[in-house]
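Let's take a walk through this model and see how its chains meet. Have a look at it first, then read on.

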Amino acid sequence: MEKKTERYDVVIIGGGAAGLTAGIYCGRARLKTLLIEKALVGGLATYTNEIENYPGFPEGSSGLGLMDLFHKQAKKFGVEFKLTDVRSVDFSGEEKIVETFRNRYVAKAVIVASGGKPRLTGAKNEADFLYDKGISFCATCDAAANTDKTVMVIGSGDAAIEEGMFLTKFASKVIVSVMHEDGKMDCNEIAKAEALANPKMEFAWNTVVDSFEGEGRLERVVLKNVKTEELTPYTVDSCFLFIGYLPNTELFRDMLDMNRGGYLLTNEKMETNIPGIFAVGDVRDKFLKQVATAVGDGAVAGYAAEKYIAEGEVYSRQILNEGGPSFVYIYNAIDPAGRELLPLIEQFEEKHKGEIPVSRVDVYKSTGIADKLNVSVFPSAVLINNNQVVAVLEKDINEADLEKLAAKLG
Amino acid sequence: MAEFTLDCMGEACPVPLMKCEKKMNELKVGDVLLVSIDHSCAMKNVPEWARTRGHNVEIEEVDDGEWEVIIEKTN
């Protein structure tokens with residue numbers, strides 16, 4: 001099957017809070033923007049029943065409701081949505097390629113907002129019971145199916161305890177496996193006190209999962225006591241894993257710089273090691289992962305992508321002069337040495353009018369164009385022809401040297 | 001390469017996922033199943049499940065809060 005090729009200014013991978021915000025900024029900057037999401041638009045936030053710390057909603061909001069508003073706003077600014085998973089990416093060229101199972105998207109810039117996926121326990125037979133076979137990651141999704149049943153929750157963080165409490169509204173018993181000592185949990189104190197007082201909740205301290213067992217469907221979870229190594233089987237109908245997230249970065253292995261955990265490394269402009277590729281939200285190595293911080297990331301990347309694309313257009317049209325001759329003076333406007341040469345450049349421009357177009361590039365705000373020309377000393381004069389740098393003058397720029405430079409075109 | 005449909009409108013989790021699994025067993029490799037869903041939680045576990053089984057998945061948003069999950073059986 002031949003894949004259909006489509007062109008965009010920006011392709012955003014992932015439709016959570018960070019990706020949607022980046023979309024809003026790109027759409028509003030009139031960039032042709034595509035957002036690819038593999039399931040439900042809204043990302044991880046849609047798994048949360050109640051979001052109480054996102055500013056602007058004093059009454060709180062459901063995760064799904066809040067993300068719906070983000071989605072609507074992105075649509076309003078013309079962002080296009082495609083609901084499927086990304087199969088491969090190629091960031092090696094000037095044009096960035098993102099492929100899904102039926103399409104090949106070519107973009108000038110890509111924003112990676114792929115977030116995370118639930119971490120597994122790594123216990124025996126785990127893969128045999130995932131999703132519909134008894135191991136679930138979404139209490140909202142599967143709570144009703146466990147009415148009057150016994151379920152197990154693995155983990156003691158905020159998600160584990162809050163989702164566990166939600167499950168007690170349906171299930172008759174919720175057993176929580178905690179790897180810490182009696183009474184020690186990773187969640188906040190309020191949730192902890194409520195959970196310990198909940199009569200339907202039972203705790204298995206100092207335990208981790210050793211194996212999942214059953215005929216076709218999950219029937220038993222065997223817990224191992226980390227102190228005594230003792231194994232205890234528990235008969236349950238479902239088991240919910242809430243032991244954290246891993247970044248969705250397999251697609252970018254050996255391409256984008258990551259830390260040991262696989263989170264993408266960026267600078268404060270959300271730029272990765274590849275120009276034109278940005279990373280935002282939970283997939284990025286950062287201090288706090290919240291809707292509020294994802295929104296900040298998205299705004300920065302949307303703006304940075306717009307600047308990157310604009311510089312690229314200036315670069316090919318003006319700096320490279322579509323293959324014709326071009327003279328570029330690169331300076332820093334706050335540096336007196338750079339400013340002093342401006343009259344000389346003007347004189348040169350006047351003399352070669354109609355023959356060599358002259359551009360002035362101020363690197364004070366951004367060194368993007370200088371970087372593309374491999375120039376890091378300012379001021380510098382660069383002569384370009386046939387899309388290639390012919391010569392660079394770095395020091396002691398004077399009239400005679402400029403004329404020698406111009407003569408190289410002849 | 002036959003096409004099958006499965007109507008899960010108005011059905012909450014985990015019913016759509018269970019119905020999908022049953023229906024996929026009847027399909028041959030290369031066949032396509034179109035599942036109509038209007039419950040957002042099924043949008044999380046149905047595509048995830050299909051992908052872990054190695055199938056190709058694409059989703060169309062038919063209307064606000066209504067989706068068609070397209071699953072191509074690959075194995």
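What follows is a tour of the interface between two chains.

A quick note before we start: this is a predicted model, where local features need pLDDT of at least 70, side-chain atom pairs count only at pLDDT 80 or more, and totals for chains, interfaces and linings use all residues. Residues are numbered from 1 along each chain as its sequence is written, chains are lettered from A in the order in which they are written, and side-chain values use heavy atoms, with hydrogens and water left out.

So, how do the chains touch? On chain B, 24 residues are in contact with 23 residues of chain A (contact being heavy atoms within 4.5 Å). Between them the two chains bury about 2200 Å², with 51% of that on carbon and sulfur atoms; buried area here is the accessible area (1.4 Å probe) lost when the two parts are put together, summed over both. B:Lys44, B:Arg51 and B:Glu58 supply 29% of what chain B buries against chain A, more than any other three residues.

The rule finds eight salt bridges across the interface, each a side-chain nitrogen of Lys or Arg within 4 Å of a carboxyl oxygen of Asp or Glu. A:Lys75 forms a salt bridge with B:Asp64, their closest N and O atoms lying 3.9 Å apart.

Which element gives the largest share of chain B's touching side? That's helix 2 of chain B, with eight residues (helices are DSSP runs of H or I, at least four residues, and strands are runs of E, at least two, numbered from the N terminus).

Strands join in as well: strand 3 (residues 80-84) of chain A pairs with strand 3 of chain B in the antiparallel sense over two bridges, pairing being at least two DSSP bridges between strands. A:Leu83 stands opposite B:Ile59 there.
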